[in-house]
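Please take a first look at the model shown here. The report that follows goes through it topic by topic.

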Amino acid sequence: MATDQKQVLDMFQRPYKRQSSTTKDRPIVFDLSTRVGGSPTQSLSLARSIPKGSVFSMFVMSHRLAAKELCDFFMEANDVNRLSERAEAVRGNLNEKLFIFALSFVIIRKEEMRSVRLPNIVEIFPSMFVPVITLGELEHRVQESTPDQEVVLTEYGPEFSSTHLKPEHRVAYWREDYGINAHHWHWHLVYPVDLGVMRDRKGELFYYMHQQMLARYDMDRLSVSLNRVQKLSNWRIPILDGYFPKLTINNSGQAWGTRQDNTLMQDYKRDDFGLPQTDVSELEQWHSRIMDAIHQGFLVDREGKHTKLSDDVKLPQKRGIDLIADALGADSTLSLNSPFYGDLHNMGHVVISASHDSDNAHREQLGVMSDTATAMRDPVFYRWHKYIDDIFQEYKLIQRPYTVEELSLSSVEVVSVDVESRNKKNQLITGWNTRDFEASRGLDFNINRPVMVRLTHLDHNSFHYNIKLVNNDKLPMEVTVRIFMAPKQNERGVDMNLMEQRVLWAEMDRFTQNLKPGPNHILRPSTSSSITNANDFTFRDLEQMPVSDNPGADENTLFNFCGCGWPQHMLLPRGKQEGMPFEIFVMVTDWAQDKVVQPIRARNCSAAASFCGILDARYPDSRPMGFPFDRAPMPMLFNRPLERTRDLTGLSNIGMQDITITFTNAQITK
Ligand code: CUO
């Protein structure tokens with residue numbers, strides 16, 4: 001392990017402690033009580049105003065300002081040594097999650113530190129992923145263990161936090177999956193609001209990545225015979241489903257707020273986050289102003305100037321979808337008019353997470369909806385985001401449909417598409433699997449041996465796409481291959497038409513391919529997916545990595561972004577035990593039209609580029625995100641069954657295949 005990597009790991013262990021055990025002989029350099037970092041002006045007053053052990057929420061404006069202050073302080077450090085000194089000076093005095101967020105933010109962005117990798121967030125904050133009762137049981141086992149027992153293990157089964165008495169509990173395995181929650185935390189770290197991060201098509205990716213998570217959630221809901229998620233649009237009636245996370249906010253044991261079934265959203269009047277009172281009617285007003293903008297076709301800035309909303313623009317000019325997402329996300333530097341369009345998405349998270357104690361009368365903490373690492377556990381997250389997505393879809397549906405010219409690539413013919421796994425064609429298998437995490441990296445169990453927790457998760461047998469196609473051109477051709485998957489039938493068991501299926505298409509992979517003239521054969525492994533992240537490392541993985549394998553050896557390799565990405569084990573929906581029909585859709589487009597001129601050489605860390613972009617580079621596909629399903633289908637295809645799509649358009653560059661996903665309810669053997 002390289003020295004830099006070791007220092008980073010030291011900073012991330014037990015973040016609530018003033019000094020980690022591995023650095024206890026290093027002197028404290030700064031005295032935080034008077035000044036920090038040798039600069040008398042830097043008192044970190046905003047950062048210090050967030051109490052230790054309580055919620056840190058990037059959805060809350062005052063917390064974003066505190067994060068900015070701490071990130072700026074860490075950004076002044078030019079190498080891992082100096083960062084580590086600054087981190088040591090403040091750790092134990094600041095809110096732990098703010099501390100880890102700012103450290104991670106700086107390590108990702110500092111040119112000098114990009115050779116090191118961040119450890120998995122599950123091991124930094126086990127208590128945000130593992131129920132408190134499981135951790136208690138773990139402590140018990142530690143006490144009962146003998147010194148020769150190297151690993152203390154506990155099981156966390158597929159029932160998760162539920163009993164299956166309530167229908168929503170059937171998808172608890174999905175909502176409470178450690179990987180999707182870690183991905184969501186990482187995504188918002190890479191695309192934060194109000195931290196001065198101006199990334200290419202940030203707003204559009206906010207729309208697209210969240211829309212795709214909803215599509216995936218709905219695929220799993222249909223897998224367990226639940227209806228697709230209903231948007232949370234009527235805030236005057238109670239939220240049907242409660243949520244009891246059974247987790248603690250951090251490693252000190254403070255519990256999250258819980259929400260009973262049938263809780264009503266209420267005006268936000270809490271006094272503990274420096275936020276003004278926010279009435280539910282204010283959210284409605286922001287929503288209505290954004291809807292007006294969509295239907296009028298323009299946003300209005302603070303000087304009254306109109307900015308047209310259209311997706312038919314030439315990049316890098318901003319598409320309408322990007323501008324609307326900026327207005328919804330309320331980044332003060334990106335929103336064209338934040339006083340007018342408000343802070344709808346973020347404040348929705350806050351108002352919902354405070355609905356059990358909206359005036360702080362009970363001194364209860366906010367619920368899990370307030371934190372990007374835990375929000376996806378709560379059923380209301382999807383209802384809220386469906387509501388947000390509905391705004392985007394309203395906009396997308398008034399864009400003109402794509403023309404045949406935009407959709408076709410006549411020189412390429414997709415002859416056949418198959419998925420293959422263990423010598424079976426078009427039959428995929430899912431089941432359960434487990435992964436071990438070292439809880440003792442984040443929590444102190446008072447022993448010198450690793451204490452492990454074993455988390456259960458959905459998984460599948462890996463597979464590959466087998467695509468046969470012909471390049472009818474006389475020259476080789478660079479193409480983009482776009483692969484999507486959607487369920488075939490709705491909750492009534494009826495085959496969906498293209499319009500109904502439109503928002504259910506989940507991206508599986510997107511890659512460039514050189515086609516030689518004549519027949520071509522693509523074998524693409526599922527593990528190479530452009531949405532997933534294979535580089536998610538535990539502390540132990542990183543410690544055991546030989547120095548020669550460390551990316552620091554190659555300064556052009558930027559690994560930190562790799563922490564962002566959908567978990568590979570959640571690439572497939574669960575499917576049904578009796579088998580569930582899905583469809584694979586493959587579309588080939590011309591790379592010469594799709595490609596983006598990068599301002600600098602796009603570097604290596606593009607593993608999950610579809611969902612996370614590429615560090616320091618533009619989003620690597622000029623088409624609107626979600627293409628071709630982002631817009632309404634051509635009118636003549638509107639109500640037609642999908643099978644007939646190709647016949648009607650004569651689009652040779654599209655191939656489709658029916659497949660079956662079967663859930664075994666058994667351990668997956670890799
Ligand atoms: Cu990711 Cu609402 O944006 O949680």
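## Aromatic pairs

This is a predicted model. It holds 29 aromatic pairs. One of them joins W187 and Y191. Their ring centres lie 4.8 Å apart and their planes meet at 25°, so this pair counts as stacked. Stacked means that the planes are under 30 degrees apart. Both partners are buried: W187 has a relative accessible area of 1%, and Y191 has 3%.

A second pair is formed by W505 and F585. Here the centres are 5.6 Å apart and the planes stand at 55°, so the pair is tilted. The two residues come from distant parts of the chain, 80 residues apart. W505 sits in the loop between α17 (498–501) and β10 (506–515). F585 belongs to strand β14, which covers residues 580–590. W505 is buried at 1% relative accessible area. F585 is also buried, at 4% relative accessibility.

## A ring cluster

Which residues do ring pairs link into a cluster? They are W174, Y208, Y217, F381, Y382, W566 and F611.

## Charges over rings

Arginine side chains also meet aromatic rings. The charged end of R524 sits over the ring of F511, 4.1 Å from the ring centre. In another case, the charged end of R623 sits over the ring of F627. The distance to the ring centre is 4.5 Å there.

## The disulfide

How many disulfides does the structure hold? There is 1. It joins C564 to C612, with an S to S distance of 2.1 Å. The angle about the S-S bond is -75°, and the link of C564 and C612 is left-handed.

What does the link tie together? C564 lies in the loop between α18 (539–544) and β13 (566–567). C612 lies in helix α20, residues 609–612. The pair therefore ties together parts that are 48 residues apart in sequence.

Are these cysteines buried or exposed? C564 has a relative accessibility of 1%, so it counts as buried. The cut-off for buried is under 20%. C612 is buried too, with a relative accessible area of 1%. Another cysteine, C71, counts as buried at 2% relative accessibility.

## An annotated segment

UniProt lists residues 378–389 under "domain: Tyrosinase copper-binding". The record is an unreviewed entry. What is the secondary structure of this segment? Over residues 378–389 the chain is 92% helix and 0% strand. The end C-alpha atoms of the segment are 17 Å apart.

## The chain as a whole

The protein chain has 670 residues, and buried residues make up 61% of them. Its secondary structure comes to 21 helices and 15 strands.

Take the contacts between residues at least 6 apart in sequence: 78% of them join residues at least 24 apart. The W505 and F585 pair, 80 residues apart, is one link between distant parts of the chain.

What does the surface look like in numbers? The chain exposes about 25600 Å². Carbon and sulfur atoms supply 49% of that area.

Key. Residues are numbered from 1 along each chain as its sequence is written. This is a predicted model: local features need pLDDT of at least 70, side-chain atom pairs count only at pLDDT 80 or more; totals for chains, interfaces and linings use all residues. Side-chain values use heavy atoms; hydrogens and water are left out. A disulfide is a pair of cysteine sulfur atoms within 2.5 Å. Helices (H or I, at least four residues) and strands (E, at least two) are DSSP runs, numbered from the N terminus. Buried means under 20% relative accessible area, exposed over 50%, partly exposed in between (1.4 Å probe, protein chains only). UniProt positions are given in the numbering used here, feature names are shortened, and annotations may be inferred rather than shown by experiment. Contact means heavy atoms within 4.5 Å. Accessible areas come from the Shrake-Rupley method with a 1.4 Å probe; for residues, only the protein chains shown count as cover. Rings of Phe, Tyr and Trp (its six-membered ring) pair if their centres lie within 6.5 Å; planes under 30 degrees apart count as stacked, over 60 as edge-to-face and the rest as tilted. A charge sits over a ring if NZ of Lys or CZ of Arg is within 6 Å of the ring centre and within 35 degrees of the ring normal.
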